[in-house]
Amino acid sequence: MKILQMNLKKGIAKVLPESLDDLWHLYNIILEKDEVHARTTREVKVENQYARPKKGKRVPVLLGVRVEKVLWDRILNRLRIHGIVCEAPEEINVKGSRHTIDVTVNKPITIIKTEWLKHQIDRLERASKVTAAPLIIMSIDDEEYCVAVLRQYGVDVKAEEKTRLPGKLEAEKREGAMREFFKTALKSMREAWISLRSPIVIVGPGFVKNDFFSYVKREALDIANAVVDVKGVNSAGVAGIHEALRSGVFTKALKHVRIAEETKVMEEALARLGKGRGDVTYGFVEVEKASAYGAVEKLLVADTTLREISNERRKALEKIMKEVEEKGGQVMVISTEHEAGTELLSLGGVAALLRFPLG
């Protein structure tokens with residue numbers, strides 16, 4: 001993400017999203033009642049004093065909208081910002097009407113807030129420093145494989161396939177079937193890699209992952225050269241990827257990927273809950289009380305909780321977030337696109353790691 005302009009006194013940030021992860025960050029930063037300004041197209045009807053209005057035509061125009069709703073369109077890789085037009089050229093006469101701005105990669109936008117919270121500024125600045133490519137994961141055993149891209153917002157599954165290989169007593173048939181299975185798996189992995197050219201990690205139980213890597217080295221040296229690690233886990237498929245995330249298998253390749261940090265802090269919260277020492281709390285009321293005491297070390301908020309609660313509730317939550325930051329605590333918005341966020345939602349969408357236990 002390129003930060004093109006930042007003027008916090010005027011509440012302005014102009015940015016250029018450069019990846020899908022950047023769109024995800026913007027999805028969590030842009031909220032109702034913010035203003036978003038960008039180049040877009042708008043249907044304009046040309047009126048004539050002596051004739052019927054001509055059929056409208058779409059023209060490029062710079063518009064500003066006061067945000068009512070932000071939608072994440074993963075199929076078309078864009079954000080859709082719905083709102084009321086608050087700034088537009090006078091000649092097109094559209095102020096006060098509704099408009100949707102599509103935010104896509106490599107399209108600059110300006111965001112105006114009445115107040116930027118510290119965690120929002122931190123998120124923008126962190127996104128501007130991320131240079132690591134998304135990570136491609138192949139999770140495989142002799143029954144299934146899954147190819148996924150590990151992005152900052154979660155696990156993006158690209159291909160899955162299950163198989164039934166002949167038994168070990170039918171060695172020749174099994175070997176031939178395994179080769180075909182590997183061929184299909186390699187094809188899926190290549191399709192994910194070709195557009196990203198990202199590092200690859202292969203995980204899975206037993207020896208199949210190693211045999212697959214040997215096959216890749218024989219059949220596709222360019223892909224093999226992108227493999228940065230081969231690691232053992234107890235499961236294959238999507239379950240194997242989540243297991244690898246929980247156990248820290250991807251740490252070496254995920255220095256800059258936020259999902260690893262989110263998974264780690266959520267595991268810490270659950271571990272503290274399990275020990276019952278009173279140094280973790282969850283739920284809006286309990287977290288608000290901990291914040292008032294200055295006890296919050298890390299405040300964890302699910303992204304959907306922040307976006308989907310009522311205005312009144314969100315203002316109260318943002319007040320807590322601001323209070324935590326002013327008292328030296330850290331605020332983390334956790335993505336619900338992966339397990340850590342789902343676990344946080346099961347705790348009510350808000351939790352806090354505490355500096356000291358509360359009675």
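## Close-up views of a predicted model

**View A. Lys113 is a buried charged residue.** At a relative accessibility of 5%, Lys113 counts as buried, because the limit for that word is under 20%. This is a predicted model. Lys113 forms a salt bridge with Asp34, and the closest N and O atoms are 2.5 Å apart. The pair links distant parts of the chain, 79 residues apart. Lys113 sits in the loop between S7 and helix H2 (118-129). Asp34 sits in the loop between H1 and S3. Is Asp34 buried or exposed? Asp34 is buried, with a relative accessible area of 8%.

**View B. Arg151 and Asp156 meet in a salt bridge.** Look for the two side chains: N to O, the distance is 3.5 Å. Arg151 counts as buried at 7% relative accessibility. Asp156 is buried too, with a relative accessible area of 11%. Across the model, the count comes to 25 salt bridges.

**View C. Five residues are linked in a network of salt bridges.** The members are Glu268, Arg272, Arg277, Asp279 and Glu297. One of the contacts joins the side chains of Asp279 and Arg272, at 4.0 Å from N to O. Asp279 is buried, with a relative accessible area of 9%. Arg272 counts as buried at 12% relative accessibility.

**View D. The largest pocket has a lining of 15 residues.** About 360 Å³ of space lies in this pocket. Which residues lie nearest its centre? They are Glu32, Asp34, Thr114, Lys315 and Glu318. Helix H10 (residues 311-326) gives the largest share of the lining, six residues. Sort the lining by residue type: 10 are charged, three are polar and two are nonpolar.

**View E. The largest cavity holds about 60 Å³ of space.** Rolling a probe the size of a water molecule over the atoms shows where empty space is left. How many cavities of 30 Å³ or more does a search of the whole structure find? The search finds two. The largest cavity is lined by His242, Leu245, Arg246, Thr263, Glu267, His338, Glu339, Ala340 and Glu343. By type, the lining divides into four charged, three polar and two nonpolar residues.

**View F. Leu270, Leu273 and Tyr282 make a nonpolar surface patch.** The patch covers about 230 Å². Leu270 is found in helix H7. The reason is the cut-offs: partly exposed lies in between under 20% for buried and over 50% for exposed.

**View G. Lys33 and Asn106 each have a positive phi.** Most residues other than glycine have a negative phi. Lys33 is not a glycine, yet its phi is about 80°. Lys33 lies in the loop between helix H1 (20-29) and strand S3 (35-44). Lys33 is exposed, with a relative accessible area of 53%. Now turn to Asn106, with a phi of about 65° although it is not a glycine. Where is Asn106 found? Asn106 is in the loop between strand S6 (98-103) and strand S7 (109-112). Asn106 counts as exposed, at 54% relative accessibility.

**View H. Ile81 is a buried residue of strand S5.** The strand runs over residues 78-87. The relative accessibility of Ile81 is 0%. A second residue, Thr305, gives a sense of distance. Ile81 and Thr305 are 224 residues apart in sequence. In space they are 19 Å apart, C-alpha to C-alpha.

View I. Taken along the principal axes, the C-alpha atoms fill a box of roughly 85 × 70 × 30 Å. What share of the 359 residues is buried? Buried residues make up 50%. Ile81 counts as buried, whereas Lys33 is exposed.

Conventions: Residues numbered from 1 in each chain as written. Heavy atoms only, no water. 1 Å grid on protein atoms, 1.4 Å probe; cavity = no way out; pocket = protein on both sides within 12 Å on 5 of 7 lines; lining within 4 Å. Points joined across faces, edges and corners; volume = space filled by probe spheres on them. Helix = DSSP H or I, 4+ residues; strand = E, 2+ residues; numbered from the N terminus. Patch = residues over 30% accessible without salt bridge, like charges linked within 9 Å, V, L, I, M, F, W, Y side chains within 5 Å. Areas by Shrake-Rupley, 256 points an atom, 1.4 Å probe, with all protein chains shown as cover. Buried < 20%, exposed > 50% of the residue type's maximum accessible area, 1.4 Å probe, protein only.
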